[in-house]
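Please look over the sequence and the model together before reading on.

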There are 2 protein chains.
Amino acid sequence: MAGESEAARHPYAPTDLELPGYVPISLPLTTILGVYVLSSLFITLLLWTLSGRLPKKTKIERLLMCWWIFTGLTHIVLEGYFVFSPEFYKDGSYLAEVWKEYSKGDSRYATRDSAIVSLEGLTAVLEGPACILAVYAIATDKSYSYVLQFAISLGQLYGTFMYYITALLDGDNFSSSPIYYYLYYVLLNSFWILIPSLIAIRCWKKICIAMSSESHKKTKVP
Amino acid sequence: MAGESEAARHPYAPTDLELPGYVPISLPLTTILGVYVLSSLFITLLLWTLSGRLPKKTKIERLLMCWWIFTGLTHIVLEGYFVFSPEFYKDGSYLAEVWKEYSKGDSRYATRDSAIVSLEGLTAVLEGPACILAVYAIATDKSYSYVLQFAISLGQLYGTFMYYITALLDGDNFSSSPIYYYLYYVLLNSFWILIPSLIAIRCWKKICIAMSSESHKKTKVP
């Protein structure tokens, strides 16, 4: 699957990376991706169904709840595992296989680049639980719902920007092949630019409308 | 000033850092700090005075305008210079002297660590101009004033967290001596945790109050 670089001890770029004790990927790609996609779909559909029973929830609010549970669990489970497993490449568990596979698109995960660990740490420890709180906030119409979603989206955007900029500055040479580069590194991460941008813009607008009528109220009632 | 490490070609830690073409600091410390402190004080006092002539501005709003102009110009001028001057350590200009001095507290600036350049890039290019916009937004009571200040403060917090976490992961050994470590690296940066935290909490509360009355309005007028 990793093409020519499979001949090396590990499939990552550059090939002279030192990963002593590396345990090759044993699960097939269909299993690695399948478990993630299917469990994400299951959770998302479950939340879509449950949120349909809540009173007065718009389709956008229900979609947002699905997004927040999906991205929150991805942050906590997948990225949380990575952050606290410095030697995942020696391991054979499912979560280790995910990161061994993903490292083909960005070997900085296998080599534990400090910028990657830092931003994944903030994502897993702060943003992950905040995403779950966002689901609850939307479900129960909390007044902090928009400002919370705005905050998490900005955090995700900041993290993804840092992710790409550090890679570019360090030579952008961490992919085993163009297919992993475009599929894992570019495509997968691009969702965490696109969706947080849309949510941040929506929250910004909603907050501005509320602030605007709040200040009108103040002007009228001194 | 840099203690024992002055014996090396450059005063930075670790002493085996390669900085070919390094031009030693020629300005005295009082000049380097003095120009920054005095010009910051001048701009801040100017804005304090001018904002006093605006109608209905509270002292907190005027203080915030002073903070935003100070931190905005620091981001744009000081950090902007650093981001776009990869060889500042070969230069003798005032801004180069600032960074050569600051690098005694964190040599990752001199060696151009990619995490540092990335977060300083985001700070200088996105947050800097946004800070100036925040001054304008407070002055003219824009409805986006709070959400903008909230966004910038979160960006500053994310940047400062990344700054410290990457240093810790990389061994936290970038200071020439304890005095530079505590004065430059810890103390100076701690303001960009303390003040953005206070502002973010204030904005969060203000936004929640507005969102709360907005939703009451909606409930009452269907």
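A residue is called buried when its relative accessible area is under 20%, exposed when it is over 50%, and partly exposed in between, with a 1.4 Å probe and protein chains only. The model is predicted, so local features need pLDDT of at least 70 and side-chain atom pairs count only at pLDDT 80 or more, while totals for chains, interfaces and linings use all residues. Residues are numbered from 1 along each chain as its sequence is written, chains are lettered from A and ligands numbered from 1 in the order in which they are written, and side-chain values use heavy atoms, with hydrogens and water left out.

Begin with chain A as a whole. It holds 6 helices and 0 strands, where helices (H or I, at least four residues) and strands (E, at least two) are DSSP runs numbered from the N terminus. Along the sequence the pattern reads α-α-α-α-α-α. The C-alpha trace of chain A spans about 75 × 40 × 25 Å along its principal axes. Of its 222 residues, 50% count as buried. Contact here means heavy atoms within 4.5 Å. Among contacts in chain A between residues at least 6 apart in sequence, 70% join residues at least 24 apart.

How is chain B related to chain A? A rotation of 180°, with 0.0 Å of shift along its axis, superposes chain B on chain A with an RMSD of 0.0 Å. The two copies are thus related as by a two-fold rotation axis. The superposition is by least squares on the C-alpha atoms of residues with pLDDT of at least 70 in both copies. As for the interface, 100% of the interface residues of chain B are also interface residues in chain A, so the copies meet through the same surface.

Next come the records. UniProt positions are given in the numbering used here, feature names are shortened, and annotations may be inferred rather than shown by experiment. In the model, residues 60-200 of chain A are 76% helix and 0% strand, and the end C-alpha atoms of this span lie 14 Å apart. The unreviewed UniProt entry also lists "transmembrane region" for chain A at residues 25-51, 63-84, 115-139, 146-167 and 179-201. Residues 146-167 of chain A are 100% helix and 0% strand, with end C-alpha atoms 32 Å apart. Residues 179-201 of chain A are likewise 100% helix and 0% strand, and their end C-alpha atoms are 32 Å apart.

A:Arg202 is found in helix H6 (residues 178-220) of chain A. Is A:Arg202 buried, exposed or partly exposed? Its relative accessible area is 21%, so A:Arg202 is partly exposed. Leaving aside neighbours within four places in sequence, A:Arg202 is in contact with A:Ile60, A:Leu64 and A:Tyr146. A:Arg53 is 149 residues from A:Arg202 in sequence, and the two are 24 Å apart in space, C-alpha to C-alpha.

Helix H4 of chain B has 26 residues (residues 114-139), which at 1.5 Å a residue should span 38 Å; its end C-alpha atoms are 37 Å apart, which agrees. The expected span is 1.5 Å times one less than the number of residues. H4(B) bends by about 35° at B:Glu127, and the proline B:Pro129 follows within four residues. The bend at a residue is the angle between axes fitted to the seven residues ending there and the seven starting there. H4(B) is mostly covered, with 19 of its 26 residues buried.

The two ends of H4(B) have details of their own. At its start, a side-chain oxygen of B:Asp113 reaches to within 2.9 Å of the backbone nitrogen of B:Ala115. B:Arg112 is found in the loop between helix H3 (94-102) and H4 of chain B, and its phi is near 60°, a positive value in a residue other than glycine. At 21% relative accessibility, B:Arg112 counts as partly exposed. Just after H4(B), B:Asp141 takes a positive phi of about 50°.

A:Lys56 is in the loop between H1 and helix H2 (59-83) of chain A, with phi near 55°; at 77% relative accessibility, A:Lys56 counts as exposed. A cis peptide bond, with omega about -10°, joins A:Ala13 and A:Pro14, and A:Pro14 lies in the segment before helix H1 (29-52) of chain A.

Notes
Polar contact = N/O pair within 3.5 Å; in protein donor to acceptor, adjacent residues only side chain to side chain.
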